[in-house]
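Subject: Handover of a structure and notes on its contents

Dear colleague,

Please find below the structure that I am handing over to you. My notes on it follow.

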Amino acid sequence: MEALLGQFVLTSSPRIEGSLVSTELPESIWLRFSPTDRMIEEASKSHSKVTVEKRQLFMEMRAQNFDVIRLSTYRTACKLRFVQKRCNLHLVDVWNMIEAFRDNGLSTLDHNAEINVSRLETILSSIFYQLNKRLPTTHQINVEQSIGLLLNFMVATYDSEGHGKLTVFAMKSMLATMCGGKIVDKLRYIFSQISDSSGTMVFAKFDQFLREVLKLPTAVFEGPSFGYTEHSVRTCFPQQKKILLNTFLDIMMADPPPQCLVWLPLMHRLANVENVFHPVECSYCRSESMMGFRYRCQQCHGYQLCQNCFWRGHANGPHSNQHQMKEHSSWKSPAKKLSHAISKSLGCVPIGEPPHPVYPEASERPQDLAHPTTTLESPSRLDEEHRLIARYAARLAAEASNSTQCPPTDLSFNFDANKQQRQLIAELENKNREILQEIQRLRLEHEQASQPTPEKAQQNPTLLAELRLLRHRKDELEKRMSALQESRRELMVQLEGLMRLLKDEEQKGAQTGGSPHSSPSHSASCTMPMPIRSTSAGSTPTHTPQDCLAGVSDDVLDAFSQGVPRNLRNDLLVAADSITNTMSSLVKELHSVDDGLEDEEVNMRNGREKVSAQRHYGNRHSTPSF
């Protein structure tokens, strides 16, 4: 493999490619070199970089480990398919490739004309830049990388001697073979390049085509299996005879195809089955499903292999590699197979379909679209056109006379059939119009039933009366709650004043040296200049201590009425707890009233729906049927 790989790489540099030895020189030694030595060193570095780029595609192909494939046909097809995808040629259709040939002026050049590598790079650049214009922005390709890989591969394949030139026919053959598209379209274009003006294949040109296209297997190290020989033409067309387009397509697309080109249709089949899923277990690797090809043994019942196991020659059990295997490119369920077999037995499915459509044998004159010119037509050509027009006119007149001589029964039958069809169409249109009117009427009724009306609101007076009572009760409770909140606010202000008095009394007792509880009468008789806000009056009067105790609980009154000292802090906390409990009970009562209102509204809504349904049912029975 290394020996073959070396054929396509210029190895003038003595150092080993891919080694980890650094080629960088220290700066002190670098300064000692003369300018000539520096130029030689820079040239060797640039040359080594170009060499690595040339070998990149082949190194990536070797990393795929295609050499483990047992059969040379599959091995060659897989390698060329890898090159096609790696260079993004599978995204360029054959018709886009032909258009690129015409845009770059290759249609007017002779097949044996030579082009240099720089012009080849220009042609490849136009192909890939036009491809990027057709692709969406999310699927753009790296144009520079694709150009470099494809250019190095083509130079390594067709310019192994290093002349720096390629023939136009070699470039066309390679690009037309490796691009994307249908194989029948590719073969049609190739036949147009190797045939004469009468549409007959020229054997010398076909031999030249084989010579160029069989360099592709040689480039991927499969030359011993599919290399060019002098007898390759005779293996494709054993009998020397006149080969036209349909005959050429029949032979090239036969099953099996010619031995030297057997990899070409297989490469297209590989492209078609890359994403095909088979829900079948492999009999060797036991994988639950397969992707790509599926192979069934014709001797071992139910023995199936995936493409990886078959390509590598794996076998187990009673199966042997010598058994005949059938290749499947799709999966059909048992039910689909049964229906297909029944249709085939009943004659609903054609038994054999042609591999390609039948094309006219007479070749069309190619048009020079690159350099269009307007020329005056000769009298002989005008006479031919006049005769052709006269022939078509005579044929049309004959067809018209035959149609007028048809039996009247056939005409009456045709008229009756047309009349019946028109009547049926008219009936269907009327029925459709009636259905649309019915749909519109039902839609209007539904909209009217969904809208609330005063009449519907007065249908259940009991529920309305209960709803009004509940709302009235809710309003009363809300008013009571607001009054209680205002009372709570006043109580809190009073409690704050009492706490301030208590604190002042304790500070005075500490200053006189006595006990803070030694003079309870003084604490009870002191005045509290604290403004208290009232809800009934707009003014803000000043209350006495007796007025400040108005509205508090009995525990607080006892604390101030008794002469025995008492802990006023605890009494104030008890009063605050009682106020909080009162407020919570009021909130619970309000929540119960809200729940009752919601239940009543739900009952009202259900009653309205029942009444609307009864009215709708009555209208449906009263509407006449169609």
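Two strands are taken to pair if DSSP finds at least two bridges between them. Helices (H or I, at least four residues) and strands (E, at least two) are DSSP runs, numbered from the N terminus. Please note that this is a predicted model, in which local features need pLDDT of at least 70 and side-chain atom pairs count only at pLDDT 80 or more, while totals for chains, interfaces and linings use all residues. Residues are numbered from 1 along each chain as its sequence is written, and side-chain values use heavy atoms, with hydrogens and water left out.

Strands

Strand β5 (residues 294–297) is joined to strand β7 (residues 325–328) by 4 bridges, and the two run antiparallel. In this pairing, C297 faces M325 of β7. Strand β5 also pairs with β6 (residues 304–306), again in the antiparallel sense, over 3 bridges. Here Y295 has L305 of β6 as its bridge partner. The strands β5 and β6 make a hairpin with 6 residues between them, and G302 in the turn has a positive phi of about 70°.

Cysteines

How many disulfides does a search of the whole structure find? With a disulfide defined as a pair of cysteine sulfur atoms within 2.5 Å, the search finds 0. C300, for example, is in no disulfide, and the nearest cysteine sulfur, that of C297, lies 3.8 Å away. C300 counts as buried, at 12% relative accessibility, where buried means under 20% relative accessible area (1.4 Å probe, protein chains only). C87 is likewise buried, with a relative accessible area of 0%.

Aromatic residues

Rings of Phe, Tyr and Trp (its six-membered ring) pair if their centres lie within 6.5 Å; planes under 30 degrees apart count as stacked, over 60 as edge-to-face and the rest as tilted. By this rule there are 15 aromatic pairs. One of them is the edge-to-face pair of F206 and F248, at 6.1 Å centre to centre and with 85° between the planes. This pair links distant parts of the chain, since F206 is in helix α10 (residues 203–213) and F248 is in helix α14 (residues 245–252), 42 residues apart. F206 is buried, at 0% relative accessible area, and F248 is buried at 0% as well. F191, F203, F206, F209, F237 and F248 form one aromatic cluster.

Yours sincerely

Technical notes:
Buried means under 20% relative accessible area, exposed over 50%, partly exposed in between (1.4 Å probe, protein chains only).
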